[in-house]
2 protein chains.
Amino acid sequence: MNQKGGTNNLVFKIISNHILFKDFDKELISKIASNFTEEIWPAHTCSHCHYLKHKFHIIASGRLKIFNTDKETGREFTIFLLSKNDFFDVISLLEAGPHTIYYESLEKVRMISIPMLTMHEWLRKYPVLNQKLLPYVIKQLLTLEEYAISHTLFEIPVRLARLIIKNLNPDSKKIELIDDLSNDEIANLIGTTRAVVNRHFQEFKKEGILRIGRKKMEVINVPLLFKKALNNPKKTIS
Amino acid sequence: MNQKGGTNNLVFKIISNHILFKDFDKELISKIASNFTEEIWPAHTCSHCHYLKHKFHIIASGRLKIFNTDKETGREFTIFLLSKNDFFDVISLLEAGPHTIYYESLEKVRMISIPMLTMHEWLRKYPVLNQKLLPYVIKQLLTLEEYAISHTLFEIPVRLARLIIKNLNPDSKKIELIDDLSNDEIANLIGTTRAVVNRHFQEFKKEGILRIGRKKMEVINVPLLFKKALNNPKKTIS
DNA sequence: TAGGTTAAACTACTTAAGTATCAATAAAAC
DNA sequence: GTTTTATTGATACTTAAGTAGTTTAACCTA
């Protein structure tokens with residue numbers, strides 16, 4: 001019905017290439033796309049989870065962090081750093097209990113969204129959608145498991161090294177997604193504070209692992225970085 | 001075909017009451033049940049994830065922990081403490097990359113299992129199964145998120161108090177599932193060491209929150225316990 | 001009940017991480 | 001181009017948690 005164009009081109013383009021919907025037939029994709037509306041969050045738009053319970057979003061461009069805060073200490077922990085094609089909130093897909101987390105756009109974020117009710121309806125109507133969703137959720141499960149483990153068993157330098165490696169393009173050897181973040185945001189990603197991150201960055205620099213500029217970083221010794229990522233508390237090297 | 005009895009009564013009883021299968025019709029449940037075999041792990045049976053990739057298990061009785069170890073320090077972190085009706089390994093349901101975790105039975109564990117291939121086949125054949133699985137996986141996601149957050153932002157006494165609260169029966173006020181664990185196993189659950197757990201147990205005891213015996217514990221002041229669970233680093237009370 | 005085994009309690013020490021503060025510097029705004 | 005703001009770099013200090021080792025108590029069983 002809304003075939004040529006749907007609500008607009010952006011929505012159709014995203015939906016038809018998206019992991020959740022791409023295998024649906026063209027007709028259905030158009031119908032699905034027509035339910036989405038475009039939404040733009042300016043940089044540093046902050047939103048409480050509560051207000052998002054009624055909407056399901058897919059990111060078209062820009063980065064958005066899901067985080068938790070400890071009001072007492074003011075410290076933050078970035079649980080997920082979402083970018084293109086990621087969607088939220090997965091937890092709200094399940095009618096679970098209260099789930100206090102926050103969202104903030106790191107820059108201007110373009111996204112498409114539908115009412116959560118519609119998404120719920122589709123999940124009932126198209127069981128295949130559950131099949132598509134499951135691998136994504138399990139991948140998030142793995143990510144969180146990794147967080148829990150490394151925040152429990154590993155020290156900051158190890159966590160820092162692993163964060164960089166995880167965002168290192170294996171071909172270009174360039175750091176992606178996080179290379180332009182401040183020390184503060186890096187600290188949030190590994191669950192520590194700015195001062196501690198900076199302390200270890202200085203160490204990494206001195207050891208010739210990283211080259212660091214203002215809001216940019218570059219790996220100059222990959223093997224050494226991988227060595228840092230091993231948990232080796234009793235260093236034999238002086 | 002294998003209607004009366006199936007492979008045996010235990011399997012049928014578990015399957016027909018299990019969250020994953022209970023809504024299937026009797027015929028299908030019998031067919032499904034006939035694929036399961038019973039398995040018993042004696043107390044302290046330890047198994048590496050690798051060997052379990054080819055099987056899917058549902059626990060009938062006993063406790064089993066999923067954990068990770070840091071070989072360097074010997075420290076352990078219990079990711080999940082599974083008991084009746086829990087199943088594993090969820091991550092292996094997705095054909096993901098390597099996932100190094102370990103399993104150990106805390107006591108004699110009775111379970112029923114099928115080849116992972118069969119489970120994969122069913123997930124394709126019965127999309128409803130994905131629908132049943134999703135809420136469970138999302139619940140695990142929530143649990144891991146909670147771990148990641150509390151291990152990042154909260155100190156040991158808070159984590160200890162929350163662990164107890166999470167396993168506190170709201171009606172009976174009795175601690176369940178973990179009340180007979182050693183300090184060592186408690187430490188694994190909150191990601192610290194035995195000595196530290198004991199240190200804070202002594203504190204809790206002195207403050208009149210807990211009564212502690214050898215491998216048993218009891219809450220004697222619930223409100224104080226809840227107060228401990230709040231993250232309140234700057235205590236005004238001396 | 002004696003002897004052995006295991007877990008818990010206690011003490012002393014070490015260290016990484018967190019905190020506070022300020023100076024230096026780059027970027028952005030006016 | 002000057003002021004303002006944000007980010008980084010650096011120093012000194014505090015503390016919770018980790019580590020090591022010993023003592024005490026509970027439990028088991030021979």
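**Group meeting: a walk through a two-chain predicted model**

Hi everyone, let's begin with burial: of the 238 residues in chain A, 52% are buried, where buried means under 20% relative accessible area, exposed means over 50%, and partly exposed is in between, with a 1.4 Å probe and protein chains only. Before going on, a word on the source: this is a predicted model, in which local features need pLDDT of at least 70 and side-chain atom pairs count only at pLDDT 80 or more, while totals for chains, interfaces and linings use all residues. Residues are numbered from 1 along each chain as its sequence is written, chains are lettered from A and ligands numbered from 1 in the order in which they are written, and side-chain values use heavy atoms, with hydrogens and water left out.

Now the overall picture of chain A. You'll find eight helices and 10 strands in it; helices (H or I, at least four residues) and strands (E, at least two) are DSSP runs, numbered from the N terminus. The C-alpha trace spans about 70 × 40 × 30 Å along its principal axes. If you take contacts between residues at least 6 apart in the sequence of chain A, 69% of them join residues at least 24 apart, a contact being heavy atoms within 4.5 Å.

As for the surface, chain A exposes about 11,800 Å², and 53% of that comes from carbon and sulfur atoms; the areas come from the Shrake-Rupley method with a 1.4 Å probe, and for residues only the protein chains shown count as cover. On charge, chain A carries 35 positive and 26 negative side chains, and the centres of the two sets lie 4 Å apart. Here Lys and Arg count as positive and Asp and Glu as negative, without His and the chain ends, and each charge is placed at NZ of Lys, CZ of Arg, CG of Asp or CD of Glu.

How do the two chains relate?

Let's zoom in on chain B, starting with a hairpin. Strand E4 (residues 64-69) and strand E5(B) run antiparallel and are joined by six bridges; for two strands to pair, DSSP has to find at least two bridges between them. B:Ile66 stands opposite B:Phe80 in E5(B). Six residues lie between the two strands, and B:Gly74 in that turn has a positive phi of about 80°.

Is E5(B) mostly covered or mostly open? It is mostly covered, with six of its seven residues buried. Take B:Thr78, which sits in E5(B), residues 76-82. B:Thr78 counts as buried because its relative accessibility is 1%. Leaving out residues up to four places away in sequence, B:Thr78 touches several residues, among them B:Ile66, B:Tyr147, B:Glu185, B:Asn188 and B:Leu189.

That brings us to helix H6 (residues 183-190) of chain B, where seven of the eight residues are buried. B:Glu185, B:Asn188 and B:Leu189 are among those buried residues. What do the buried residues of H6(B) pack against? Their partners in chain B include E4, E5, helix H4 (127-153) and helix H7 (194-206). Just after H6(B), B:Gly191 takes a positive phi of about 75°.

Finally, some backbone spots for you to look up. The peptide bond between A:Phe88 and A:Asp89 is cis, with omega about 0°, and A:Asp89 lies in the loop between strands E6 (87-88) and E7 (102-105) of chain A. In chain B, the bond from B:Phe88 to B:Asp89 is cis as well, with omega near 0°.

A:Asn85, in the loop between E5 and E6 of chain A, has a positive phi near 75° without being a glycine. A:Asn85 is partly exposed, at 32% relative accessible area.

A:Lys215 is another non-glycine with a positive phi, about 60°. A:Lys215 lies in the loop between E9 and E10 of chain A and is exposed, at 54%. Those two strands, residues 210-213 and 216-219, pair in the antiparallel sense over four bridges, with A:Gly213 opposite A:Lys216. Thanks, everyone!
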